Amino acid sequence: MLVDRFDRRITNLRISVTSRCNLNCFYCHREGYDASNELTPDEIAEIAKAFRELGVEKLKITGGEPLVRQDIVEIVEKLPEFKEISMTTNGIRLSEIAHDLKKAGLDRVNVSLDTLDGRKYSYATRGGRIERVISGIEAAVDAELTPIKLNMVLIDGFNLDEIDRMVEFAKQFEGNVIVQFIELVNLNYNGEGHFDVYTLVHKFEKGAKEVRIRGMQKRKQFIFDKYAVEFVKPVDNSEFCMACNRIRVTADGKVKPCLMRNDNLVDIRGLKGENLKRAIMKALNLREPYYRG
Ligand code: SAM
């Protein structure tokens, strides 16, 4: 079992398979890191296996945009078994590949969608076509890559007026879609566009059939008949950090103990077996909450 110095058990691994992306969102934090020399499918499998043997239960594949890798199906195929393997994607290539990903062992996807307005989408992503994302979501439902989480980063002055519309959009998928409202993280913080997602909680808590506080980062989830909503509030939230059960690996093979920092990475590329596990434990010891109470 992986437990850090702050008694936080690490159950979730997030592996970035590329820093490249086919979009260029104006607010993107690039998961905090740019890598040039990408891990191969075998290297990714070896790293995932070591974390699995150390007790990690869930794996998320991320980027950049994971679907720009031509070998993404092979990457998924080679992974060891986890309780859940998911992927976060912008959905642009999803309709072409959803069924192959499911066959390869992917359980579900998160799809990033901040607006339902085609013109705004194209502006925010610098050229993305929203029709492709929508057909990607439909294909993912068809392939049973569910529940799908729609990641909507809430940005003041950009999409706060689309919250109800996004919820209506989710409803049509009859319980297969969870809308995840994400607070904007601004790594070079100047406060612009920031909106506290918790101010929305009262809007949803009344009619909810069930309210869950998830183990992961104490995220709040509200369940309704045909959809669910969840809140991700990472900014200035010591509760979020104290309940953080996630560790990251960069696209070039470095363990990244915290999204918000790049000064404590541990290179694990090329390591195998016990040496690999020892290096992972070293990274674990560097984990500390970014925001503290
Ligand atoms: N390309 C993939 C995608 O679009 O999901 C994976 C990488 S993307 C960086 C992962 C998630 O981080 C997306 O849902 C994106 O909206 C979110 N994200 C990016 N920049 C962010 C920021 N500054 N604050 C909060 N979330 C952000």
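Guide: Please note that this model is predicted. Let us begin with the lining of the largest cavity, to which strand E1 gives the most, with three residues.

Visitor: Which residues lie nearest the centre of the largest cavity?

Guide: Its lining is made up of 13 residues, and those nearest the centre are Ser16, Glu31, Val249, Thr250 and Lys256. Two elements each supply two or more residues to this lining: strand E1 (12-16) and strand E10 (246-249). By class, the lining comprises four nonpolar, four polar and five charged residues.

Visitor: Let us turn to the helices. At what angle do helix H3 and helix H5 pack?

Guide: Helix H3 (residues 94-104) packs against helix H5 (residues 130-142) at an angle of about 20°, and their axes are 8 Å apart. Angles under 35 degrees count as roughly parallel, and H3 and H5 are therefore described as roughly parallel to each other. The crossing of these two helices is right-handed.

Visitor: Which residues of H3 and H5 meet?

Guide: From H3, Leu94, Ser95, Glu96, Ala98 and His99 take part. They meet Arg132, Ser135, Gly136, Ile137, Ala139, Ala140 and Asp142 of H5. Sorted by class, this contact has five nonpolar, four polar and three charged residues.

Methods
Residues are numbered from 1 along each chain as its sequence is written. This is a predicted model: local features need pLDDT of at least 70, side-chain atom pairs count only at pLDDT 80 or more; totals for chains, interfaces and linings use all residues. Side-chain values use heavy atoms; hydrogens and water are left out. On a 1 Å grid over the protein atoms alone, a cavity is a set of points where a 1.4 Å probe fits but cannot get out, and a pocket is an open set with protein on both sides within 12 Å along at least five of seven lines; lining residues have an atom within 4 Å of a point. Helices (H or I, at least four residues) and strands (E, at least two) are DSSP runs, numbered from the N terminus. Ala, Val, Leu, Ile, Met, Phe, Trp, Tyr, Cys and Pro count as nonpolar, Asp, Glu, Lys and Arg as charged, and the others, Gly among them, as polar. Axes are lines fitted to C-alpha atoms, for helices over the stretch in contact, and angles run from 0 to 180 degrees between N-to-C directions. Angles under 35 degrees count as roughly parallel, over 145 as roughly antiparallel, 65 to 115 as roughly perpendicular and the rest as oblique. A crossing is left-handed if the near helix is turned anticlockwise from the far one by less than a right angle, and right-handed if clockwise. Contact means heavy atoms within 4.5 Å.
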